[in-house]
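This report goes through one protein model, part by part. The sequence and the structure come first, and the description follows.

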Amino acid sequence: MNQAANILQSLRKLAQFDTELRKLSRDTEQYQEMLDKIESQRAPLPTSILGHYDRRKARGKLAIAPVLRGVCGACHLSIPSGRVADLRRKPVELNVCDNCGAFIYLLKDEAAARSKSASDLTAVQKAFETKHTYAKRLQAKRSQIAASDSGSP
């Protein structure tokens, strides 16, 4: 995996640890263990990305969100289809939502479902071509019958 993929994976784990940390009370051992896990996830991340992540979290917003059916999981606004296509083509790159600024990623199910629907479209096109060919043959037969009927007395 390249560096952007590692950063994206670390950000996802960091967001997961942050949500788990909010559920724990401050005086427990589990809380301290979770803080240690968070620090270990934050250590390898670049400071510019951590700064962006921390600013969004400080405002109470999601810092990283999945894209579902072409909609950002943080702001719930539609993402341009070209950007979604880029996410499918290059799923390991680090991307930011144009609307809200959250880091966005495609779920593996979403990428697989979209490629499956593209294969379904090809099957529909093949079926249409088959029907179209049948219609041409039927029309040719009718014209032959019409020609033979008009030629006989």
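## Asp-18 and its surroundings

Leaving out residues up to four places away in sequence, Asp-18 touches Ile-38, Tyr-53 and Lys-57. The model is a predicted one. Asp-18 belongs to helix α1. The residue is buried and yet has no salt bridge. Lys-57 has the nearest side chain of opposite charge, at 4.3 Å. A salt bridge requires a side-chain nitrogen of Lys or Arg within 4 Å of a carboxyl oxygen of Asp or Glu.

Arg-56 is part of helix α3, which covers residues 47-58. Arg-56 is also buried without a salt bridge. Here the nearest side chain of opposite charge is that of Asp-54, 11 Å away.

What does the side chain of Arg-56 have at 2.7 Å from one of its polar atoms? It is the backbone oxygen of Cys-100. Apart from neighbours within four places in sequence, the contacts of Arg-56 are Lys-61, Leu-62, Ala-63, Ala-74, Cys-100, Gly-101 and Ala-102.

## The chain as a whole

The protein chain has five helices and four strands. Along the sequence they follow the pattern α-α-α-β-β-α-β-β-α.

Of the 153 residues in the protein chain, 24% are buried. Taking the contacts between residues at least 6 apart in sequence, 56% join residues at least 24 apart.

## The sheet

Four strands form an open sheet with mixed pairing, in the order β2-β1-β4-β3. At its edges are β2 (71-72) and β3, each of which pairs on one side only. Helix α1, residues 3-23, packs on this sheet and touches β1 and β4. The direction of helix α1 makes about 105° with that of β1.

Strands of a sheet pair through backbone hydrogen bonds, in either a parallel or an antiparallel way. Strand β1 (residues 64-68) pairs with β4 in the parallel sense, over four bridges. Within β4, Leu-106 is the residue opposite Val-67. Strand β3 (residues 95-96) pairs with β4 in the antiparallel sense, over two bridges. Asn-95 stands opposite Ile-104 of β4, and Val-96 has Phe-103 of β4 as its bridge partner.

Strands β3 and β4 form a hairpin with six residues between them. In this hairpin Gly-101 has a positive phi near 90°. Gly-101 is also one of the residues in contact with Arg-56.

## Salt bridges

Side chains of opposite charge can pair when their charged atoms come close. How many salt bridges does the structure hold? There are three salt bridges.

One of them joins Asp-54 and Arg-42, with the closest N and O atoms 2.7 Å apart. Asp-54 is in helix α3 and Arg-42 in helix α2 (residues 29-42), so this pair ties together parts that are twelve residues apart in sequence. Asp-54 is partly exposed, at a relative accessible area of 30%. Another salt bridge is formed by Asp-98 and Arg-83, whose closest N and O atoms are 3.1 Å apart. Because Asp-98 lies in the loop between β3 and β4 and Arg-83 in helix α4 (residues 81-89), the pair ties together parts that are 15 residues apart in sequence. Asp-98 is exposed, with a relative accessible area of 53%, while Arg-83 is partly exposed, with 23%.

The salt bridge between Arg-89 and Asp-86 has its closest N and O atoms 2.9 Å apart. Both residues lie in helix α4, three residues apart, which is about one turn of the helix. Arg-89 counts as exposed at 55% relative accessibility. Asp-86 is partly exposed, with a relative accessible area of 33%.

Conventions: Residues are numbered from 1 along each chain as its sequence is written. This is a predicted model: local features need pLDDT of at least 70, side-chain atom pairs count only at pLDDT 80 or more; totals for chains, interfaces and linings use all residues. Side-chain values use heavy atoms; hydrogens and water are left out. Buried means under 20% relative accessible area, exposed over 50%, partly exposed in between (1.4 Å probe, protein chains only). Lys and Arg count as positive and Asp and Glu as negative; His and the chain ends are not counted. A polar contact is a pair of N or O atoms within 3.5 Å; within protein, one must be able to donate a hydrogen and the other to accept it, and residues adjacent in sequence count only if both atoms are side-chain atoms. Contact means heavy atoms within 4.5 Å. Two strands pair if DSSP finds at least two bridges between them. Axes are lines fitted to C-alpha atoms, for helices over the stretch in contact, and angles run from 0 to 180 degrees between N-to-C directions.
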